[in-house]
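Work through the two exercises below with the model open. Each task is followed by a solution in steps.

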Amino acid sequence: MRILKLSKALFLNDVREFSGFFWPFVFPLILFFILVSVFSGMTSTDGGIVFRLGIVKEENLAGFGTILEQVIEQIQPEPFQVVVFDSLEEAQKNLQLKKIELVLRIPKGLSIAMARVILFAGQPTKIELYTLANSYESQLAGKILQSILQQVDLEMAKQVISLTGGEYKEVEFVAKPIERKKTSNEFHYATYVFPAVLLMSIMSLALFNLPLGLINNREEWVNRRLYTTPTNALDYLSSMGLSLLVSMVISCALVYLMGLTLYKVNNLCLSVGFILRLLYSIAVCFSVGIVIVSFCRRFSTALVVTQIAYQILMFLGGFYFPVLNFNMPWPIKVVARILPTTYLVENLRISLGLRMYSFSEFELWLIPGIWILASVLAFSFNFKRVMGYE
Amino acid sequence: MNAITVRNLRKYYGATKAVDGVSFDVPQGEVVALLGPNGAGKTTTVEIIEGLREKDDGEIFYFEKKADHIDKTVKSQIGVQLQKTAFFEYLTVYETIELFAGLYNVKVQKSDIERLMNLVALQEKAKSRVRTLSGGQLQRLALAVSLVNDPKILFLDEPTTGLDPQARRHVWEIIEQLKQEGKTILLTTHYMEEAEKLADRVLIMDHGKIIASGTVQELIRSIDMESYIEFTTDKAQILQKEIPSLRVTDHEKLVLPVIDVEESIHMLLNKAKELAISIDNIVIRRPNLEDVFLNLTGRSLRD
């Protein structure tokens, strides 16, 4: 009863303050909105400037064929980023998964065919272009590549006429749109960022409100005032934990509401598995909060440490982009591998059908678990000091 | 029956003896003031008794029952007003009193809370948030909160420090009312007027020790002085050399303890004339607790 009353008071005291209301309840929604508005648009067009072109070379170009090779070199890195594939099947698979926008197939015998066209006015050469049906960027990429190659055609025609006075037959482009392959773990940015926004809102309460609240109440003698009553340090800590848990639930509920109604986040976020992982994340975030309060004696120190820890845990933890998949300096990768948030956000994403890293199930639970154990140990050694109990 | 008994209480912080063998009794229904300058060890003493600090040595008895550890049972019988008032800033006055009642597991009705607010004259501030209260109103809220469990013993630590004279008088009135209701009160203060006005018994504390105790009259009588002559002069040092019993107060006044007022006045004026020193603002007054402290320690309470 005592704990419930104190929790209620702590909760009201927090939410009645503007920052206590804004950061846990309003800011996550704003961030969610901004992230989805900015980045989900960019993933569908991928910037709109650089297209990923898959090339399947069935022969090494030689003679007149090198003209095409030179053209391909000149269109890089913009507007095309070239990825070479060994087989057409592999390239088409990547196209279907939207990993590339376009496939250019250079068939066997192209060099000879081109020489025939130029020197003897033979049959026109065929180059196959594969685009993705119903994909604006894929169609656009195909048209851009065609127009570039047509310019090359014109140049070659001029050369043929000037050299032989003969007729030049243009390269025939065979555009073959193919259907996009639907996969169960199709990338949906709102679903990708949903666990990150949830964790961010949990962290803002566990990392800011918990340690800063404890230190502030200690410095201001609020907890001393409580200890004059039959309330002890454990009652006080439990009340603070309960009050923050209520705030976290409300904060998460708001993010859920926005995610499910506005951004059609994967319904798997309502599954028991996802919610269990979320509860585990709450426990881990609390543990990070108590580590900070165990080592920071002053409010100002804790504020600085919390800010730094918060940013590191978010960005290196891979909340908004998969850090470990980028070419980062190794120390950053080591830090990212140590952070509990790397595993928490990945674990949540996996339960939504998205996998960014190749962590084992064991790692996903163990490393955050080690954080909990170490934090509880550090906190128990500093319990009396932290709680202001002499 | 003694509500509180303290025997040989000690609390050391390294080489600093914050509380150094303190023993005293607080009889039930009395107001006892622990008087001393800042840093004398008053707050440490009461915080040990309240259970906020751990003692190094000594014994504490509540109603003749030894309390090795100040547990929930003891805490539910006492009310505490700390030196620094600290509450949740965004709760209202009403909610704060209600919260503390809940912390004592006391079921309170709206009328009980209103009665407490009336007692401390905060009924008009019932819906005001704590952060908007003035210093005096905060102290009164602290008093109301300390009474929420209807305690048998009340600890008031510097209840009027930092308040203006009007707010201080208001708090004194409330304490006098509580005294009339029969509450046992242990009051710590460095204001001798407060101790003189409110306390049945006074314990004078300095450097972690109780250096004198008794009723106000007993303590004053103990210094064997009838009166004090206070005055100002521009050449205090010269005069002090001639009259060694002269002391300087914190208001830069000179104080002369005397038994025979008439004879002493003559002596003082003759000396001033002889040394060509002017003397102004002469006041003859009865001795007070400040003089007792000065007599015992050679220092002022405000030093």
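**Exercise 1.** In this predicted model, identify the buried residues of helix α4 (residues 110-119) of chain B and describe how they are arranged.

*Solution.*
1. Apply the cut-off for buried, under 20% relative accessible area. In α4 of chain B, the residues that pass are B:Ile113, B:Leu116, B:Met117 and B:Leu119.
2. Look down the axis of α4(B): the buried residues fall within an arc of 160°, so they line one face of the helix. An α-helix has 3.6 residues a turn, so residues three or four places apart point the same way.
3. Turn to the face away from the buried side of α4(B), where the exposed residues B:Lys110 and B:Arg115 sit.
4. Find the cover. The buried residues of α4(B) are covered by elements of chain B including α3, α5 and α6 (165-180).
5. Check what follows the helix: B:Ala121 comes after α4(B) and has a positive phi, near 55°.

**Exercise 2.** Describe the interface between chain B and chain A.

*Solution.*
1. Count the residues: 30 of chain B are in contact with 28 of chain A.
2. Take the area. About 2,900 Å² is buried between the two chains, with carbon and sulfur atoms giving 56%. On the chain B side, B:Phe88, B:Tyr90 and B:Leu103 lose the most area, together 24% of what that side buries.
3. List the polar links. There are four salt bridges between chain B and chain A; one of them joins B:Glu95 to A:Arg16, with the closest N and O atoms 2.7 Å apart.
4. Assign the chain B side to elements: α3(B) supplies the largest share, five residues.
5. Sort that side by class, which gives 15 nonpolar, five polar and ten charged residues.

Terms used
Residues numbered from 1 in each chain as written. Chains lettered and ligands numbered in written order. Predicted model: local features only at pLDDT ≥ 70, side-chain atom pairs only at ≥ 80, totals over all residues. Heavy atoms only, no water. Contact = heavy atoms within 4.5 Å. Buried area = accessible area lost by both parts, 1.4 Å probe. Salt bridge = Lys/Arg side-chain N within 4 Å of Asp/Glu carboxyl O. Helix = DSSP H or I, 4+ residues; strand = E, 2+ residues; numbered from the N terminus. Nonpolar A, V, L, I, M, F, W, Y, C, P; charged D, E, K, R; others polar. Buried < 20%, exposed > 50% of the residue type's maximum accessible area, 1.4 Å probe, protein only. Arc of directions from axis to C-beta.
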